[in-house]
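Please prepare a briefing on this protein that moves from the whole chain to a single site.

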Amino acid sequence: MLANAIVWDPSKGIDLGFFMIRYYSLMYLVAFTLGWYLMKSIFERERMGQKELDAIFMYTVIAVLLGARLGHVIFYQPELFLEDPLSIILPARFVPTFEFTGFQGLASHGAAIGVIIAMYFYSKNVVKKPMLWILDRIVIPVASGGVFIRIGNFINSEIIGKPTGTDYGVIFKQLGETFPRHPAQLYEAACYVIVFIVVWYLYWKTNKREKLGYIFGVWLVLLWSIRFFVEFIKEAQVEDRAAWALNTGQWLSLPFILFGLYLIFRKTNTTPTTA
């Protein structure tokens, strides 16, 4: 073993004998549970009721899972639409033979788009407030959730970093490797903690929540800038695109960053909030 490298070879999950709780699924459960409590405290401040809280939880869960799955297929594995369409929405592979796989292949860009679309309908049908009003608030639990999703990626030995070329790094034993790589998933998770602190502070400790779209814009710029730069030390998720100057994740991040800058610096009227 290399002197400064960490050999990473975790179990797949918690084996209960008749059922295994996979750590990646557990991280999603933690993310959604923490998100519910964070949104509950925000809604209490905004004098929103349980009905609105339950609705946003359902909208968000469906949007994240469906958006992330469709995003992965559209951006990284479009051949599934023709080769194995049932595997897009079901936790199994049907070609060439049937295999239960669980839900695999989830893209954060797709999840973000899914949440934005869901919040449009939620704002129209439930809270009757501007879409940007709810986006300014939902990004707080979303930012915290990103931390745990990336930890889940690390546990799964997926979305791996490039080789470090030194003794530093993590050896992903489950990939059959003997050399260290950058733990890019943990780099992202640590940076997402900072994103969460920033948007949480802006909402709770400043009056920036009164400017529609500002907190959402900050979240867009910070999170997708982090994603853009961390991608330089990640392996390409699509092998055929490895030679691109910017990979798929970076190209997809740029529109989010630009839109975030627009929201931050645009002139707009403030909307009163209750405290």
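The points below begin with the overall fold and end with one serine.

The coordinates come from a predicted model, and the secondary structure of the protein comes to 9 helices and 6 strands. Of its 275 residues, 48% count as buried.

**Overall dimensions**
- A compact globule of 275 residues would have a radius of gyration near 19 Å, and because the protein has 20 Å, its value agrees with that expectation.
- Taken along the principal axes, the box filled by the C-alpha atoms is roughly 60 × 40 × 35 Å.

- When contacts between residues at least 6 apart in sequence are considered, 67% of them join residues that are at least 24 apart.
- The protein exposes about 14500 Å², and carbon and sulfur atoms supply 67% of that area.

**The site at serine 123**
- Serine 123 has its place in helix 5, which covers residues 108–127.
- The relative accessibility of serine 123 is 2%, and because buried means under 20%, this residue counts as buried.
- A polar atom of the side chain of serine 123 lies 2.7 Å from the backbone oxygen of tyrosine 120.
- Leaving aside residues up to four places away in sequence, serine 123 touches Lys128, Lys129, Pro130, Met131 and Ile134.

Terms used
Residues are numbered from 1 along each chain as its sequence is written. This is a predicted model: local features need pLDDT of at least 70, side-chain atom pairs count only at pLDDT 80 or more; totals for chains, interfaces and linings use all residues. Side-chain values use heavy atoms; hydrogens and water are left out. Helices (H or I, at least four residues) and strands (E, at least two) are DSSP runs, numbered from the N terminus. The radius of gyration is taken over C-alpha atoms; the globule rule is 2.2 Å times the number of residues to the power 0.38. Buried means under 20% relative accessible area, exposed over 50%, partly exposed in between (1.4 Å probe, protein chains only). Contact means heavy atoms within 4.5 Å. Accessible areas come from the Shrake-Rupley method with a 1.4 Å probe; for residues, only the protein chains shown count as cover. A polar contact is a pair of N or O atoms within 3.5 Å; within protein, one must be able to donate a hydrogen and the other to accept it, and residues adjacent in sequence count only if both atoms are side-chain atoms.
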